[in-house]
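Visitor: I would like to learn how to read a few features of a protein model, beginning with a helix. Could you take me through them slowly?

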Amino acid sequence: MGPGTKLPTLGHAPFATLRDAYTQQVLGMLEGGVDAVLIETSQDLLQAKAAVLGSHAAMADLQRRIPILVSVTVETNGAMLLGSEIGAALAALQPMGIDVIGLNCATGPTEMGEHLRYLSRHAGIYLTCMPNAGLPELTPDGAAYPLTPGELADAHETFVSEYGLNLIGGCCGTTPEHLGLVVERVPARPVDRRPRPRPRSFLYQSVPFDQDTSVPVDRRAHQRQRVQAVPRGDARPAWDDCVEIARAQIADGAHVLDVCVDYVGRDGAADMSEFASRLATASTLPIMLDSTEPEVLRAGLEHLGGRAIVNSVNYEDGDGPGSRFQRIMPLVQQHGAAVVALTIDEEGQARTGEWKVRVAARLIADLVGNWGMRVRTSSSTP
C-alpha cells in the first residue's frame, strides 16, 4: 500500500472486510520475514477469527506457513470483554489451525491461574502466557505495576511446571529486569503434545458434545413458527419473533439451536446474515447452521464468534469439484466449525444397514483424511 492509501474503517466493518485487512497486514509481515504471527490482546472472538483467517489466506497466497499464536485477554471478572470465557475461546479458535493459544494483558499472573489450568487440561496445542506485572495501581505519576521481577519469575516457574506452558513472557509493566530473571529461572524444556478434545461453543462458554440426556424436538411446531416469522416474498421478516422462538427453545431445555432460514423465493444468505447477527449475542446455546447452500452457511459463520455446527454435508451430488461437499467443507475447515454428515450418496438416502455403513465409512475416511476432522457417531440417529 502506498502512502496515500486509505485503510478501511474497521469499527463497524463486515467480517470479510476485517479479514481482508488482516490478510494485507500479514502479507506485508511475511514479505518482511517474520517468524510467526501473534494475534494478541484479543477481546472479541469474531475479531480473532477474522485475524486467523486473514493470516491463513496470506500464507496460502505466498505459499509460506509460519506459526499462528493467539493470546486472549480475560478481565478480572473471569471473561473476555464481550463476555466469552476461556473455554469458549479455546473451542472456537483451536480448530482453526492455530499453533498456540494463551493469555496476555489485563491482569497479573495470579488472576490468570485458573484459566491456564483450564487450557492445560483441555487444549491440544501449545500454550502461552504473558501477564502484566500485577494489576495496575493508580498513582499521582500514573499507572504503576506492583509485581517484582522475583514474583513474576515465581509465577512462571509454577505455570511451566504445573500447566506445561510452552512460551512465556510479560506484558504491561514488565521490564528487562522482570524478563531477565524469568529467563534465568525458567530454562527450556521438552514440549509435550496434548489430546485434542473439541467441544462446540457459543460466544460465551463451551458446551461438550457428550450430554447425559437427549432432548426431543418437535420440528413441526418449529416449522410452523418459522413460516409465520419469515414470510414468503419480499415482506420484512419479524426477526424479533425469530429470536423469541430461539429463546423459547432455550427455555424448553434445548442443547443446540438449529437455525434454518431457507425458504423458496427469499435470499437465504441475506436472511441468515440478519438472523445470525442477532443470535450471536442473544443465544446462550451453540448455533447449528442448517443449510446445504454454501453462501447461506458462509453468511452465518461470518457472524458467529463461537464455534458453530454446520448441518449438513453429504454425497448427494458426489464429492468432486463443484459438488456441494467440496464447496461447504472449506468453509467448515476455515471457520473451525463442526459438521453433521448424512449417509446420503449419489444413489440417494441410504436405506439398508450395509448401505449406511458403506457411506459412513466413506465419509469418515474423507472427513478425517482430507479435512482434518474428528468423528463422533450418534446411536440415537436412525
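Guide: Let us begin with a definition: the expected span of a helix is 1.5 Å times one less than its number of residues, and helices (H or I, at least four residues) and strands (E, at least two) are DSSP runs, numbered from the N terminus. Please keep in mind that this is a predicted model, in which local features need pLDDT of at least 70 and side-chain atom pairs count only at pLDDT 80 or more, while totals for chains, interfaces and linings use all residues. Residues are numbered from 1 along each chain as its sequence is written, and side-chain values use heavy atoms, with hydrogens and water left out.

Visitor: What span should helix H9 have, and how far apart are its end C-alpha atoms?

Guide: Helix H9 covers residues 268–282, so its 15 residues should span 21 Å at 1.5 Å a residue, and the end C-alpha atoms, 20 Å apart, agree with that.

Visitor: Which residues in H9 are buried?

Guide: Buried means under 20% relative accessible area, exposed means over 50%, and partly exposed lies in between (1.4 Å probe, protein chains only). In H9 the buried residues include Gly268, Asp271, Met272 and Phe275, and what covers the buried residues of this helix includes helix H8 (239–251) and strand E10 (257–259).

Visitor: How many salt bridges are there?

Guide: In general, side chains of opposite charge can pair when their charged atoms come close. A salt bridge is a side-chain nitrogen of Lys or Arg within 4 Å of a carboxyl oxygen of Asp or Glu, and by this rule the count comes to 14. One of them joins Arg266 to Asp271, at 2.6 Å from N to O, and both of these residues are buried.

Visitor: Which parts of the chain does the salt bridge between Arg324 and Glu293 tie together?

Guide: The closest N and O atoms of Arg324 and Glu293 are 2.7 Å apart. Arg324 lies in helix H11 (residues 324–335), whereas Glu293 lies in the loop between strand E11 (287–290) and helix H10 (294–301), so the pair ties together parts that are 31 residues apart in sequence. Arg324 is partly exposed, with a relative accessible area of 31%, and Glu293 is partly exposed too, at 30%.

Definitions and conventions. Contact means heavy atoms within 4.5 Å.
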